[in-house]
Amino acid sequence: MKTVACIVTDGFAPFEFGVACEAFGLDRSDDGIPNFDFRVVTPDPGAVQSKMGFSINVDADLSFAYEADLVVVSPVPHQYWSDVDERVLDVIRAAVARDAWVLSVCSGSFVVAASGVLDGRRATTHWMYAQKMKDMYPSIDVDPDVLYVQDGRIITSAGTAAGLDACLHLLRQELGAEMTNIIARRMVVPPQRDGGQAQFIANPLPATTSLSLAPVTDWMLDNLRLELTVDQLATKAHMSPRTFARRFKADYGATPAAWLARQRIIHAQRLLEKTDLGLDRIAYESGFGSAAVLRQNFARVLGTTPTAYRSRFACHLDEKADASASAEARTEASVLEPVA
């Protein structure tokens with residue numbers, strides 16, 4: 001990979017645009033890293049307005065992008081998602097046709113999706129827009145839980161900083177781990193983060209179509225530490241187990257067991273964020289029974305460990321909790337494999 005074209009159009013996001021400039025546009029030859037021929041391009045050269053109210057002047061049209069080894073697509077506001085400039089879409093299609101790299105940051109994935117090259121492929125975007133992408137492009141396998149997805153030579157990434165993860169992932173393939181580590185060190189970011197965007201997603205209780213089960217779900221939330229069965233919950237709801245399970249799925253969009261497991265994860269997240277309780281106590285309070293089961297569920301659902309989550313999101317940690325976290329992290333190292 002030697003040439004990189006970064007496409008910007010009106011409404012581009014400055015931070016995500018800066019990510020591409022930082023990753024591919026800086027001269028790092030003093031560190032022994034080869035430079036890329038990096039150019040910012042736009043359909044109509046001249047002033048390009050950002051979504052923050054300022055503009056940048058772009059001299060180059062899209063010609064260079066038709067030859068670039070990598071085409072980077074910056075995010076655009078939602079009002080442009082269904083009305084993407086056809087000239088940009090042609091560039092993306094041409095890049096895929098000649099087996100060049102295509103990388104989108106955040107909602108730039110909607111631009112890539114509009115070109116049709118993601119049909120039948122796996123992709124991601126910011127978790128806030130994942131359902132919108134599923135609705136607009138049902139032929140795309142949208143994964144809302146990961147930081148980035150590579151399908152062939154197309155890379156889509158989640159919101160904001162996840163674009164850096166995607167860029168480093170591509171650089172690792174092109175330049176190798178050693179040079180990528182140097183680049184990451186200069187950026188003052190880890191060369192490869194664990195986890196995914198699932199751990200950043202806010203999970204309020206889902207809206208229901210009926211209030212008839214609200215007393216039961218309220219009771220479930222008050223008794224997460226207990227072993228709750230469908231038979232027990234159906235008795236609380238004065239229904240047969242089959243009727244209760246069917247009604248619960250219709251109202252909440254999940255089985256009682258799946259809904260309960262998710263609420264336990266959410267409760268454990270809150271305890272990790274707001275308390276200094278040890279993992280065994282948190283596991284008990286949230287209904288997982290043991291720290292080992294808690295770790296397994298965090299790895300499966302959030303792609304990270306409880307201790308890593310706490311270190312990232314905790315409101316406070318005293319010295320005792322901080323010391324115990326180090327011991328817990330050593331234990332968790334054997335539970336969670338690094339996430340690409």
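Buried here means under 20% relative accessible area, exposed means over 50%, and partly exposed lies in between (1.4 Å probe, protein chains only). The model is predicted: local features need pLDDT of at least 70, side-chain atom pairs count only at pLDDT 80 or more, and totals for chains, interfaces and linings use all residues. Residues are numbered from 1 along each chain as its sequence is written, and side-chain values use heavy atoms, with hydrogens and water left out.

Salt bridges were searched for across the whole structure, and 13 were found. A salt bridge is a side-chain nitrogen of Lys or Arg within 4 Å of a carboxyl oxygen of Asp or Glu. Arginine 28 pairs with glutamate 22, with the closest N and O atoms 3.8 Å apart. Arginine 28 is buried at 3% relative accessibility, whereas glutamate 22 is partly exposed at 29%. Arginine 87 and aspartate 85 meet at 2.8 Å, N to O. Arginine 87 is partly exposed, at 35%. Aspartate 85 is also partly exposed, at 27%. A network of salt bridges links Asp30, Asp31 and Arg186.

Glutamate 285 forms a salt bridge with arginine 225, the closest N and O atoms being 2.6 Å apart. Glutamate 285 counts as buried because its relative accessibility is 14%. Arginine 225, at 42%, is partly exposed.

Threonine 180 is buried, with 0% relative accessibility. Its side chain reaches the backbone oxygen of leucine 171 at 3.3 Å. Beyond neighbours within four places in sequence, threonine 180 is in contact (heavy atoms within 4.5 Å) with Leu168, Leu171 and Arg172.

Conventions: Polar contact = N/O pair within 3.5 Å; in protein donor to acceptor, adjacent residues only side chain to side chain.
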